[in-house]
Each structure stands twice: as structure tokens, then as C-alpha cells.
Amino acid sequence: MCHHSKLNGTAFGIHDWLNYLWDQAAMCRKLVEQADDPFIKTELLSLASVCEEIADNIEDHLTGGSDHAPRGPLSRLS
């Protein structure tokens, strides 16, 4: 079964969406390091968490909810 959506006229598969969400989360976390305003930092961390949660939910759906190691940006660095 093929899952495709459109983002700015480009076809995206489900794994492309996963990578996009992980990348967005990583970008938000990187921007937190550069932000001075505590409100901005909080909002960026919230956005990163939402992206990671959505990606986790998609992965759980793809694997039938089986236990697996987290694959978020933080686990990739360790």
C-alpha cells in the first residue's frame, strides 16, 4: 500500500513525512539554543515535542504498536 500526500507540489511517502517531522523537531531544538526569549524557547520546545509525538505515533501505526527503540533526533545522536 502506498501512502502519498502533497507538500508544495511534491509527492511525499510516509517515510518522507517521518524524516520531515524528525528534521523539524531537530531544527526547533537547535533554534532553542539560539533564542534569548524564554517564551520563544518554550514554544519551540513545544513544537519539537509535537513533531516527535506525531512521528512516534506514525511509527507505532506502521509497526502495529510493537515496542521499538525511539528514533528521534536525540536517540540518533547517542
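**Cysteines and fold of a predicted chain**

Tutor: The count comes to 0 disulfides in this chain, a disulfide being a pair of cysteine sulfur atoms within 2.5 Å. The model is predicted: local features need pLDDT of at least 70, side-chain atom pairs count only at pLDDT 80 or more, and totals for chains, interfaces and linings use all residues. Residues are numbered from 1 along each chain as its sequence is written, and side-chain values use heavy atoms, with hydrogens and water left out.

Student: Is C28 buried or exposed, and how is C51 classed?

Tutor: Buried means under 20% relative accessible area, exposed over 50%, and partly exposed in between (1.4 Å probe, protein chains only). C28 is buried, at 7%, and C51 is buried too, at 14%. Of the 78 residues of the chain, 23% count as buried.

Student: Which elements does the chain have, from the N terminus on?

Tutor: Helices (H or I, at least four residues) and strands (E, at least two) are DSSP runs, numbered from the N terminus. The chain has 3 helices and 2 strands, in the order β-β-α-α-α.

Student: What share of the contacts with a separation of 6 or more joins residues 24 or more positions apart?

Tutor: A contact means heavy atoms within 4.5 Å. Such residues account for 46% of those contacts in the chain.
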